[in-house]
Amino acid sequence: MSLSADVPVAPPRVNLRALGLLALLAVAVLVVPVIASPYVIEAILLPFLALSLAGLGLNLLTGYGGQVSLGSAAFMAVGAFAAYNFQLRLGVSLPLAIVLAAATAAAIGVVFGLPSLRLRGFYLAVSTLAAQFFVQWALTKFSWFSNDSASGVVAAPRLTVASLDLDAPQGRYLFALTLVVGITFLVHRIVGSRAGVNLIAVRDDETAAKVIGVPVLRTKLVAFAISSAIIGVAGVIWAYAYLRTVEPAGFNLDRSFQVLFIIIIGGLATIRGAFLGAALIVVFPLLLARTSSFAFEGLVDAGVLKLVERVVLGLVIILFLIAEPNGLSAILGRATARLRAVLRRG
Amino acid sequence: MSTTVVRLAAAGDAPGSGVFSVAAATTSAPALALDGICLSFGGIRALRDISFDVAPGEIRAIIGPNGAGKSSLVNVISGLYRADAGTVQIAGQAFARMPASRLAKIGVARTFQNLALFPGLTAAQNIASGLAFRRRSGLLAQVLGLSAARSESAREDEEVREIAAFLGIGGVLDRLVSTLPYGVQKQVDLARALVAEPNLLMLDEPMAGLTVTEKAEMAAHIRAVRDRTGLAIILIEHDIGVVMELSDRIAVLDHGVKIADGTPVEIRRDPEVIRAYLGAEAA
Ligand SMILES: Nc1ncnc2c1ncn2[C@@H]1O[C@H](COP(=O)(O)OP(=O)(O)O)[C@@H](O)[C@H]1O
Ligand SMILES: [Mg+2]
């Protein structure tokens with residue numbers, strides 16, 4: 001008993017948080033595949049996972065690094081098409097194709113990140129549009145990328161890893177979940193490292209960072225590389241697991257804005273922000289459709305609904321920018337702090 | 001505290017790059033020598049033919065009214081502004097243009113007139129950033145938590161704690177720097193510069209906005225750092241009392257021209273200074 005005084009007691013808060021994450025993960029791995037219907041997986045969970053990952057990648061660059069990008073969808077497209085072509089032409093396995101796709105997206109990300117060495121803020125955002133338009137143009141123009149398919153739309157290869165067939169909804173969900181969880185852990189490590197600190201330093205005061213010897217250029221380009229690689233993998237999930245087709249159409253400017261909105265709503269420079277924002281962006285239109293079909297019983301047609309969705313989403317974004325620039329993440333943070341205080345008192 | 005003294009005392013010969021430290025150690029070359037520096041912004045001639053040197057271990061003040069060109073001079077030395085003419089010599093190495101991104105490696109550190117801390121980082125992370133220039137472990141080693149990266153971080157943390165204890169800010173290391181009082185932020189800024197163990201430290205109005213007590217504390221720190229490490233300090237400061245008390249030599253700028261240069265006693269007697277600077281201060 002006398003020993004117990006010497007054992008350092010870990011702060012309970014950290015344990016609670018780790019436990020909570022572990023519980024969440026256990027539910028996601030063990031419970032969700034059993035209870036979730038194919039509809040829930042295909043209409044909600046798969047787009048949620050793909051967009052969360054894209055948001056996570058963009059948050060690294062924009063939230064932590066301060067480099068605004070409107071080219072996210074382009075890097076999703078690069079990832080999807082690169083994985084498809086590596087599998088098609090080199091016959092590599094899916095895991096290797098994903099690694100190569102991430103590397104391809106990283107390389108292209110660095111190229112389109114070069115303007116960031118000179119441009120900032122609004123001007124940089126506009127220059128990343130070049131990536132958006134160039135990639136979409138190239139993928140549409142050169143049918144080689146789509147294996148000369150007449151429509152430009154190709155079916156994604158069957159999802160198999162080793163001898164595991166993941167083509168059913170549950171399998172695709174677990175495939176996406178594995179990638180997202182692994183990469184999220186990696187991002188967690190990155191933002192906690194000295195390199196992550198450098199990234200924030202460059203965002204907060206580039207001149208000071210440069211003068212004290214933070215490698216500003218390298219930091220920016222590495223941020224572009226890693227961010228693009230992650231968004232590229234998100235593109236693979238989007239095309240392979242969610243849509244099950246590889247096509248340029250969905251990777252347009254709208255998608256880029258969607259990913260940007262995800263991190264603004266969810267919370268810049270936070271990891272959970274990407275997930276919270278993606279959840280809202282995915283679930284909100286479905287809720288809206290449900291509500292309208294319930295309330296107006298089909299009187300509102302799909303076009304009008306789409307329009308309403310956009311207007312409301314726009315309002316939500318403006319609301320967040322004004323009232324809670326730190327996003328859902330900050331709201332969640334306050335809520336859990338309050339809960340903790342109540343628990344401690346009770 | 002005793003470890004702090006030892007480390008700071010040994011700091012003079014460790015500015016990162018071996019070449020420069022050898023030059024600094026073997027010659028009695030000035031820590032800094034400026035020769036004929038000119039700088040203009042459009043029509044404004046911010047610096048006119050400024051020559052100026054700082055001896056190792058010296059506290060060298062630059063005074064002058066607002067707009068005299070003091071900050072511009074420090075920015076030229078930092079490589080943030082490019083001089084139209086003239087050279088900067090640091091520890092015997094001449095530069096037509098100072099490379100801002102290599103400043104820390106050359107053994108020069110600075111603070112900024114308007115705080116240039118990283119508000120999104122803690123005080124400790126801000127200070128540790130001052131060591132980024134000599135960091136060896138790469139991103140992969142850090143993410144994988146390789147032992148080289150871990151021990152490097154641990155070493156950095158130790159140095160951060162030492163310098164923070166020395167400046168009396170050890171208690172706020174884990175606080176976000178943006179939540180700290182202004183006077184404490186100024187100390188963090190100084191710590192971020194000092195942790196790099198520079199040979200030359202440039203302080204651009206380190207006491208601006210501080211209370212009388214904080215000023216006295218800052219002055220004591222500046223003197224203590226110099227006494228223990230023997231680094232050279234350029235001090236830009238408006239408080240004449242502090243300047244006279246702290247500095248070994250004072251240069252006076254007015255409208256981009258160096259109008260006087262000498263010991264505090266000489267400067268106090270200089271009729272030109274009394275007319276141009278002290279007069280302007282009074283106005
Ligand atoms: N980046 C800049 N662009 C244009 N003019 C500048 C710039 N920096 C300084 N100046 C001008 O140079 C002169 C000297 O300014 P500064 O060096 O800041 O003076 P001090 O630090 O002595 O108050 C002023 O006239 C100022 O307006
Ligand atoms: Mg100034």
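How far from an oxygen atom of ligand 1 does a backbone N or O atom of Gly67(B) lie? The distance is 2.7 Å, a polar contact, meaning a pair of N or O atoms within 3.5 Å.

Hi everyone, first some ground rules. This is a predicted model, where local features need pLDDT of at least 70, side-chain atom pairs count only at pLDDT 80 or more, and totals for chains, interfaces and linings use all residues. Residues are numbered from 1 along each chain as its sequence is written, chains are lettered from A and ligands numbered from 1 in the order written, and side-chain values use heavy atoms, without hydrogens and water.

Back to ligand 1. The side chain of Lys70(B) has an N or O atom 2.8 Å from an oxygen atom of the ligand, and for the side chain of Ser71(B) that distance is 2.9 Å. On its own, ligand 1 exposes 550 Å², and the protein buries 65% of that; such areas come from the Shrake-Rupley method with a 1.4 Å probe. Among the residues surrounding the ligand are Phe41(B), Pro65(B) and Tyr81(B), where surrounding means having a heavy atom within 4 Å. Helix H3(B) gives the most to this shell, with three residues.

Now over to chain A, please. A nonpolar surface patch of about 750 Å² includes Leu25(A), Ile35(A) and Leu174(A). Helix H1(A) supplies the largest share of the patch, seven residues.

Definitions and conventions
Patch = residues over 30% accessible without salt bridge, like charges linked within 9 Å, V, L, I, M, F, W, Y side chains within 5 Å. Salt bridge = Lys/Arg side-chain N within 4 Å of Asp/Glu carboxyl O. Helix = DSSP H or I, 4+ residues; strand = E, 2+ residues; numbered from the N terminus. Polar contact = N/O pair within 3.5 Å; in protein donor to acceptor, adjacent residues only side chain to side chain.
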